[in-house]
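Subject: Structure for you to look at

Dear colleague,

I am passing on the structure we spoke about, together with some notes on what was found in it. Please open it first and keep it in view while you read on.

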Amino acid sequence: MNALALRWCTRLVLTLIMLAAAAAWADDKPAVRAWLDRDSMHLGETVTLNVETDAVGAAQPDFSALAKDFNVLGTQSGQQVNISNGARSAKTLWAIGLEPKHDGAITIAPLQVGGAQTAPIRLTVLPAPTAAQQAGGDIFLEASAEPLDPYVQQQVRYTVKLYFAFDLTDGNLAEPKADGLTAQRLGQDKSYVATVGTRRYHVLERHYALTPERSGAIDIPALAFRGTVLDAADPAAFFGRGRSVSARSDAVHLDVRAKPATWTDGAWLPAASLLLKDEGEPPSQVHVGEPITRTIRLQAQGLGYEQLPELELAAPQGAEIYPDKADTRTRDDGEWLYGERVRKFAFVPHRAGTLTVPGISVHWWDTGHDRIETATLPPRTITVLPAAQGAAAGASATAVAPVSAAAAPAVAPASEPDLHVRLWKMLAATACVLWLATLAAWWLSRRFARAPAGVTRDTVAPASTVPRADFLRACALGDLAGAERALVAWARNERSDVHNLGQLAVRLADPAQRELLAELQRTRYAGGETADGIAARLQRAFRGGLRWRVDDVGVRGDDALPALYPERD
């Protein structure tokens with residue numbers, strides 16, 4: 001019986017070990033990828049297939065299957081090893097020169113690299129150049145544009161190919177220029193080998209994005225190349241002087257179309273594709289005063305960011321909106337321009353209920369299908385709950401003297417609208433009285449500006465809502481530097497001798513507010529909590545106002561340690 005149990009336990013342990021090894025092998029499965037240096041070419045040209053893996057000591061894959069559609073010209077390999085924090089990683093790259101045997105669409109089947117496979121790759125092989133293109137001799141230049149009948153402000157893909165059958169020592173290739181046309185060079189030059197007729201050529205390929213600024217006929221003049229080549233048969237070559245060579249392309253004619261009559265008002269956006277999307281998901285419910293952020297990205301293929309419209313959202317009912325400055329950029333992939341605009345909008349609800357964050361629509365012209373399209377982001381509905389209990393208590397603590405509990409109005413349930421009306425009337429009347437008292441205090445402070453030293457101006461300093469609004473906006477956008485500046489300005493409106501957060505902290509009665517000021521400085525200067533996290537907590541803690549100490553007249557910030565980076569007047 002004991003022997004049977006021992007065998008059973010042994011089998012169980014071996015099974016667990018095998019399962020653990022299989023799981024570890026699955027987690028450590030090497031990454032592998034394959035790509036071509038271009039996905040379109042002419043018959044007679046060469047293309048490079050790159051295969052990369054991060055497996056250590058990986059053996060070269062079997063490339064024999066490529067011989068069905070390609071002449072395999074050769075294989076080169078290299079390895080890169082990195083050691084970081086004692087961990088070793090390596091990447092192995094194989095580069096295979098290929099020449100297609102026929103034109104048409106060719107699919108490179110998955111390649112087995114160790115225990116992983118590459119994804120299939122599609123290559124488009126166009127027919128070989130015509131006889132007219134082959135009559136270039138030792139060197140010739142081609143220029144082509146697509147499309148030849150673009151709309152105004154639509155990107156035209158302009159491609160230049162220089163064919164040469166000798167070794168160039170230097171050269172200069174002109175840039176495309178024409179009236180009513182802007183040109184932008186895309187990506188890096190490509191170099192490869194191509195066969196035209198019976199001759200092998202080195203090829204230099206360059207791409208441009210052309211943007212017509214007006215409708216009508218635009219002629220792009222022929223491009224010229226001038227260079228120097230060393231000729232072994234030339235006696236002057238011994239002294240380092242080469243033979244000058246030149247080539248000239250054909251001119252290109254564009255018939256630029258105006259905006260179609262069916263286009264609506266607004267920014268004209270002729271694009272190959274357009275993307276409008278939300279970056280992240282807003283919460284389904286928040287409390288009054290808690291910021292909601294909606295980040296919108298607009299990207300267009302074939303347009304620069306300057307051509308994209310500004311992203312705008314209307315302020316919803318029941319909330320304040322704080323739009324941030326848009327982030328813009330234009331990038332390219334070697335053939336296309338991609339313009340982008342990203343903008344962040346912060347919404348701060350000020351009443352409970354249902355908040356509808358507005359949507360946005362962008363009209364654009366699909367150049368591939370020659371029709372108008374509309375990209376839309378729908379509105380978002382968010383439930384706004386009443387303010388949290390701590391925030392509600394903070395709102396009542398802004399007065400210099402505490403208000404008695406008997407004088408404070410009771411909060412009516414949300415289901416009794418009459419009580420709400422009476423409550424708001426009482427609050428409006430109280431606000432009016434406080435405003436008149438503030439106005440009187442300001443007048444007295446102006447009249448008795450030179451009061452004796454025993455009378456402090458803190459007692460009658462008027463409060464301003466502008467720094468408070470700046471503070472809330474900075475918190476909603478996660479701008480800690482702006483929040484610190486606005487908070488000090490807010491405090492100075494109520495206590496004129498406050499110049500930094502250190503002086504402000506010792507004069508506050510609320511421990512939570514003092515602790516948050518310390519955390520704000522730690523986050524800014526010592527890499528503490530994330531900006532969004534501390535900004536949201538600051539917004540909630542100070543939304544009800546600055547909670548000064550009752551004995552504030554006798555407390556000065558000079559007794560506290562100065563801030564690490566004090567605010568300058």
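Which residues does L472 touch, not counting residues up to four places away in sequence? With contact taken as heavy atoms within 4.5 Å, L472 touches Q539 and R543.

Before going further, please note that this is a predicted model, in which local features need pLDDT of at least 70 and side-chain atom pairs count only at pLDDT 80 or more, whereas totals for chains, interfaces and linings use all residues. Residues are numbered from 1 along each chain as its sequence is written, and side-chain values use heavy atoms, with hydrogens and water left out.

As for the chain as a whole, it holds 9 helices and 29 strands, these being DSSP runs numbered from the N terminus (helices are H or I with at least four residues, strands are E with at least two). Of its 569 residues, 38% count as buried, where buried means under 20% relative accessible area, exposed over 50% and partly exposed in between, with a 1.4 Å probe and protein chains only. Among contacts with a separation of 6 or more, 70% are between residues 24 or more positions apart.

To return to L472, this residue lies in helix 5 and is buried, with a relative accessible area of 7%. Helix 5 spans residues 466-476, and its buried residues are P467, F471, L472, A474, C475 and A476; what covers them includes strand 22 (292-301), strand 23 (319-323), strand 25 (337-349), helix 6 (480-494) and helix 9. After helix 5 comes G478, which has a positive phi, near 75°.

Q539 is itself buried, with a relative accessible area of 0%, and, leaving aside neighbours within four places in sequence, Q539 is in contact with G289, E290, P291, V348, L472 and C475.

One further site deserves a look, and this one concerns D149, which sits in the loop between strand 10 (139-146) and strand 11 (156-164). D149 is partly exposed, with a relative accessible area of 38%, and together with E146, D219 and D255 it forms a surface patch of negative charge.

Key: Patch = residues over 30% accessible without salt bridge, like charges linked within 9 Å, V, L, I, M, F, W, Y side chains within 5 Å. Areas by Shrake-Rupley, 256 points an atom, 1.4 Å probe, with all protein chains shown as cover. Salt bridge = Lys/Arg side-chain N within 4 Å of Asp/Glu carboxyl O. Lys, Arg positive; Asp, Glu negative; His and termini not counted. Charge placed at Lys NZ, Arg CZ, Asp CG, Glu CD.
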